[in-house]
Amino acid sequence: MRNITKEEYKIASRYLFVDLTLATIEVDLKRLQEHDLFKIKEVYINLLEKLQVIGIEERRNLKKLLKQEDIQIVLTTKRDTFTEYTIYCKGKEEIKSYFNYHIRNRVRDIMNEWLGKTVETKKEH
């Protein structure tokens with residue numbers, strides 16, 4: 001089948017990485033709540049929860065776009081170094097393989113992006 005458009009890919013990949021970022025935040029929150037990693041862990045829990053709120057809102061908006069554009073993204077294969085996803089859109093499909101280290105970096109970048117939004121919100125108040 002022919003490939004999806006650049007815009008369809010942009011929406012699907014952003015959703016994928018936002019979803020993975022939220023999953024990472026959930027894992028980190030659970031670890032923070034269950035273990036005494038910091039003297040004052042409430043500060044870090046609060047920060048992660050703020051990032052989570054921003055991410056949930058973005059994911060909600062992206063989900064609407066996925067539905068409007070009839071886009072689905074499915075985990076196809078997960079290996080030690082690569083993870084493969086298939087993106088389906090209006091009868092088209094495209095298989096994307098991501099280096100796991102690249103996924104980690106994208107998740108980190110999105111967390112930093114959201115962190116910047118929390119700082120901007122503080123400046124506005």
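**Figure 1. Overall fold of the predicted model.** From the N terminus on, the protein's elements run α-α-β-β-β-α. That comes to 3 helices and 3 strands. Helices (H or I, at least four residues) and strands (E, at least two) are DSSP runs, numbered from the N terminus. The C-alpha atoms fill a box of roughly 55 × 40 × 20 Å along the principal axes. The protein has 125 residues, and 34% of them count as buried. Buried means under 20% relative accessible area, exposed means over 50%, and partly exposed lies in between (1.4 Å probe, protein chains only). Of the contacts with a separation of 6 or more, 56% are between residues 24 or more positions apart. Contact means heavy atoms within 4.5 Å.

This is a predicted model in which local features need pLDDT of at least 70 and side-chain atom pairs count only at pLDDT 80 or more, while totals for chains, interfaces and linings use all residues. Residues are numbered from 1 along each chain as its sequence is written, and side-chain values use heavy atoms, with hydrogens and water left out.

**Figure 2. The largest nonpolar core.** This core has 26 residues. I25, L48, I71 and W114 have the most contacts inside it. Two or more residues each come from α1 (6–34), α2 (41–69), β2 (82–89) and α3 (100–124). Helix α1 gives the largest share, 10 residues. A nonpolar core is a set of buried Ala, Val, Leu, Ile, Met, Phe, Trp, Tyr and Cys residues joined through side-chain atoms within 4.5 Å. In soluble globular proteins, nonpolar side chains tend to be buried together.

**Figure 3. Surroundings of W114.** W114 is one of the core residues with the most contacts inside the core. Setting aside neighbours within four places in sequence, W114 is in contact with R14, V18, T21, L22, I25, L51, I54, G55 and E58.

**Figure 4. Packing of α1 against α2.** The two helices pack at an angle of about 155 degrees, and their axes are 9 Å apart. Helix α1 is therefore roughly antiparallel to α2. Angles over 145 degrees count as roughly antiparallel, under 35 as roughly parallel, 65 to 115 as roughly perpendicular and the rest as oblique. Axes are lines fitted to C-alpha atoms, for helices over the stretch in contact, and angles run from 0 to 180 degrees between N-to-C directions. The residues of the α1 contact with α2 divide into 16 nonpolar, 3 polar and 10 charged. Ala, Val, Leu, Ile, Met, Phe, Trp, Tyr, Cys and Pro count as nonpolar, Asp, Glu, Lys and Arg as charged, and the others, Gly among them, as polar.

**Figure 5. K90 and E8.** K90 is found in the loop between β2 and β3 (92–99). At 45% relative accessibility, K90 counts as partly exposed. Beyond four places in sequence, K90 is in contact with E8, E69 and D70. E8 lies in helix α1. E8 is buried, at 6% relative accessible area. Its contacts, again leaving out neighbours within four places, are I71, C89, K90 and K92. D28 is 62 residues from K90 along the chain, and their C-alpha atoms are separated by 36 Å.

**Figure 6. Y9 on helix α1.** Y9 has its place in helix α1. Y9 is partly exposed, with a relative accessible area of 24%. Not counting residues up to four places away in sequence, Y9 touches I4, I87, K96 and Y98. Y9 and E94 are 85 residues apart in sequence and 8.9 Å apart in space, C-alpha to C-alpha.
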